[in-house]
Amino acid sequence: MKKTNSKLLGTALLFALIFTTACSSDDDSTSDDTGGTTFVLDRENLTGEINEGEVILESGTYKLTGKLIVNAGAKLTIKSGVKIEATSATSGDFSAVRYIAVAQNGKIDVQGTSTNPVVMTAATHAPGAWGGLVLCGNAPINKGTTASAEVSDLTYGGGDANDSSGSLKYLRIEYSGFAYNSEKEFNGLSLFGVGSGTTIEYVQVHEGSDDGFEFFGGTAQAKYLVVSNFSEAVGDDLFDWTEGWSGTGENWYGIRTNAGNRGIEADNNSNNHLATPISNPTIKNLTLVGLGMADTSSETQAIKLRVGTQGQFDNVVLSNWKTGFDVQHDESVDYVTAGTLAAKNVKFDNVTTQSVGKNTEGKTVDVSGVYSINENATGAGNGSAKPTWANGWTVGL
């Protein structure tokens, strides 16, 4: 009996130990769950700040009713087919502007597909109806070690050229570009100090009221981009860079049939043309389509290169522009001579003037050396026509 009682007691202790260990293991698993978040997800009221963990938008439509900020240590994942629709805000109520922003060390993962893209749009189908998407990274800029983004007021810039803000694949941004005033306006996709570790592929900005894509410094690499502007309310550039962007672009297609601005506006730093790092991207396979002789706007250049930008272009088609390349200021003019600002394999289609140049004093200079012609250039893949890689997930082309 004594032996039997001892055996039963040992068995009970063993089960107690197993139970205690299992409970302890479950508790540890919960506390280590990186997907945990305190953010309350409401499909009809998507707004607020995600401060930790992962928030997943899985299907259907989500109503964006204010700003949505993804802070450091947090992640926003958006599954294929999801639509985020910005609701209408009262005119002039700047505190209620709808936009999505990813702060430094935050992450976004847009998981669209060619047949089922993610769509960020607005209930009001008009340019400027909502803000847009803003990414802020830790890559180098020439505005200072860090700076504050002109929209969202988030910090950006740093010393990590390989920084990652996440991944954007098969994303369509529509009717963006809300303006606080003439100097402070959202783009479709604003990239502030975004690093090369970020994936940006197959993104369209459709009918935005400001620039489609703008790079504020950083080293971002962006492939398969589309900007399409047709509304008469649209008035700025298709693509834009400044503050020392030194990344890469590949397969870009931009088209506007309104009196908007340039195909590309490219700057280094307007306050210090020699600020480093110097803007010096590599752009391959580019098509820009304008309005041609019917264009009555004051900025009818396909590509405007100024205030000290460098850059290398290859395989370019420019169609329906009054001016092909416009190079301004001593530094950029000198880079043409040095070959650090150059475009090779360029095809001009219905372009009135292939190049114009002015130095800092405003005197006309010869910058025809900025380009070399190749009548067989294909640009984004299909000359001035819609590229095949844009089939299925884009609109308006």
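User: Which residue does E174 form a salt bridge with?
Analyst: E174 pairs with R172, and their closest N and O atoms are 2.7 Å apart. A salt bridge here is a side-chain nitrogen of Lys or Arg within 4 Å of a carboxyl oxygen of Asp or Glu. Before going on: this is a predicted model, where local features need pLDDT of at least 70 and side-chain atom pairs count only at pLDDT 80 or more, while totals for chains, interfaces and linings use all residues. Residues are numbered from 1 along each chain as its sequence is written, and side-chain values use heavy atoms, with hydrogens and water left out.
User: Is E174 buried or exposed?
Analyst: Buried, with a relative accessible area of 8%. R172 is buried too, at 12%. Buried means under 20% relative accessible area, exposed means over 50%, and partly exposed is in between (1.4 Å probe, protein chains only).
User: How many salt bridges turn up in the whole structure?
Analyst: The search finds 10.
User: What does E265 pair with?
Analyst: R306, at 3.3 Å from N to O. That pair links distant parts of the chain, 41 residues apart: E265 is in strand 21, and R306 is in the loop between strand 23 (301–305) and strand 24 (311–328). Strands (E, at least two residues) are DSSP runs numbered from the N terminus. E265 is buried at 10% relative accessible area, and R306 is buried at 18%.
User: And E299, what is its partner?
Analyst: K304, with the closest N and O atoms 3.4 Å apart. E299 and K304 are both buried. Through shared partners, salt bridges join D237, R262, E265, D267, E299, K304 and R306 into one network.
User: Switching to the backbone. Where is Y175, and what is its phi?
Analyst: Y175 lies in the loop between strand 12 (166–174) and strand 13 (179–181). Its phi is positive, about 60°, although Y175 is not a glycine. Y175 is buried, at 12% relative accessible area.
User: Last one. Which residues does the cis peptide bond join?
Analyst: T276 and P277, with omega about 0°. P277 sits in the loop between strand 21 (264–266) and strand 22 (282–289).

Note on methods. Helix = DSSP H or I, 4+ residues; strand = E, 2+ residues; numbered from the N terminus.
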